[in-house]
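Visitor: I have a structure to look at and a list of terms that I would like to understand. Could you take me through it, setting each term against its definition?

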Amino acid sequence: MKRFGALFDLDGVILDSESRYTEFWNGIERIYPTGIENYAVAIKGTTLPVILNNYASEDVRKDITNRLNEYQATMPFVPFAGAIDFLRRLHDAGIPMALVTSSDALKLKRLFATLPQLREQFDTVIDGDMVKHSKPDPEGYLRAARSIGMEPERCIVFEDSLQGLAAGRASGAKVVALATTYPADRVRDLADMTAPSLSAIEIQSLNNLIES
């Protein structure tokens, strides 16, 4: 197997959670309307500080943060079928891996307490609190590549959101789009490979992709 690095987004790639976040942010938009079209979809892939920039009032920002923390405190963490098995196969094959997510450290603490087998697959984790620039900026993916000792060009990014796909492309990595949040025809032109889920991907196809 050719050596490459695998850099994974979390929500919508590993966790089947984007529909829950859509529900949450649609509710916030009803309470504190921004006027941004398809708001819950438009903000996918970005960190909370960037999202909060849409609100001028500090009280509103605090209320939204509290509501989000309460929501995430009881939100179930449900991996897509076969997702952790796919990560485990890469891990067992000696592929260095990183998790690169816009989620904050508080959420990840609960996530890894709930799913310790998920944390075990990754050599490093880059969360939203660790970067200055949110996706679509490539900072998180560039930092992750350095952390696992790989050049970005020898890495494959796995993403579902438009912001995340743009960040992966900007990093110089190969990009795999998971058609979990958007239909395949919406993300196909933004990636080097498209798949319906991680479980549908053959490792040999990743070898071929990194060498293409």
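Visitor: What covers the buried residues of α11?

Guide: The cover includes α5 (83-92), β4 (155-159), β5 (174-178) and β6 (193-195), where contact means heavy atoms within 4.5 Å. The names come from DSSP runs, numbered from the N terminus, with helices being H or I of at least four residues and strands E of at least two. Please keep in mind that this is a predicted model, in which local features need pLDDT of at least 70 and side-chain atom pairs count only at pLDDT 80 or more, whereas totals for chains, interfaces and linings use all residues. Residues are numbered from 1 along each chain as its sequence is written, and side-chain values use heavy atoms, with hydrogens and water left out.

Visitor: Which residues of helix α11 are buried, and what makes them line one face of the helix?

Guide: In α11 (residues 203-211), the buried residues are Ile203, Leu206, Asn207, Leu209 and Ile210. Seen down the axis of α11, they fall within an arc of 165°, taken from the directions from the axis to the C-beta atoms, and so they line one face of the helix.

Visitor: How do you know whether Lys135 is buried or exposed?

Guide: Buried means under 20% relative accessible area, exposed over 50%, and partly exposed in between, with a 1.4 Å probe and protein chains only. Lys135 has a relative accessibility of 8%, so Lys135 counts as buried. Lys135 is placed in the loop between β3 and α8, and, leaving aside neighbours within four places in sequence, its contacts include Asp9, Thr101, Tyr141, Glu159 and Gln163. Gln163 is 28 residues from Lys135 in sequence, yet the two are 5.5 Å apart in space, C-alpha to C-alpha. A cis peptide bond, with omega about 20°, joins Lys135 to Pro136.

Visitor: And why is Glu202 called exposed?

Guide: Glu202, in the loop between β6 and α11, has a relative accessibility of 55%, and therefore counts as exposed. Asn38, in the loop between α1 and α2 (39-42), is exposed too, with a relative accessible area of 55%. The phi of Asn38 is near 50°, a positive value in a residue other than glycine.

Visitor: Why are α1 and α4 called roughly antiparallel?

Guide: The axes of α1 (residues 18-31) and α4 (residues 58-74) come within 12 Å and cross at roughly 150°. Axes are lines fitted to C-alpha atoms, for helices over the stretch in contact, and angles run from 0 to 180 degrees between N-to-C directions. Angles under 35 degrees count as roughly parallel, over 145 as roughly antiparallel, 65 to 115 as roughly perpendicular and the rest as oblique, and α1 and α4 are therefore roughly antiparallel to each other.

Visitor: What makes α4 and α6 roughly parallel, and which residues meet there?

Guide: The axes of α4 and α6 (residues 105-114) come within 10 Å and cross at roughly 10°, and the two helices are therefore roughly parallel to each other. Asn69, Gln72, Ala73 and Thr74 of α4 meet Leu106, Lys107 and Arg110 of α6. By class, these are two nonpolar, three polar and two charged residues, where Ala, Val, Leu, Ile, Met, Phe, Trp, Tyr, Cys and Pro count as nonpolar, Asp, Glu, Lys and Arg as charged, and the others, Gly among them, as polar.
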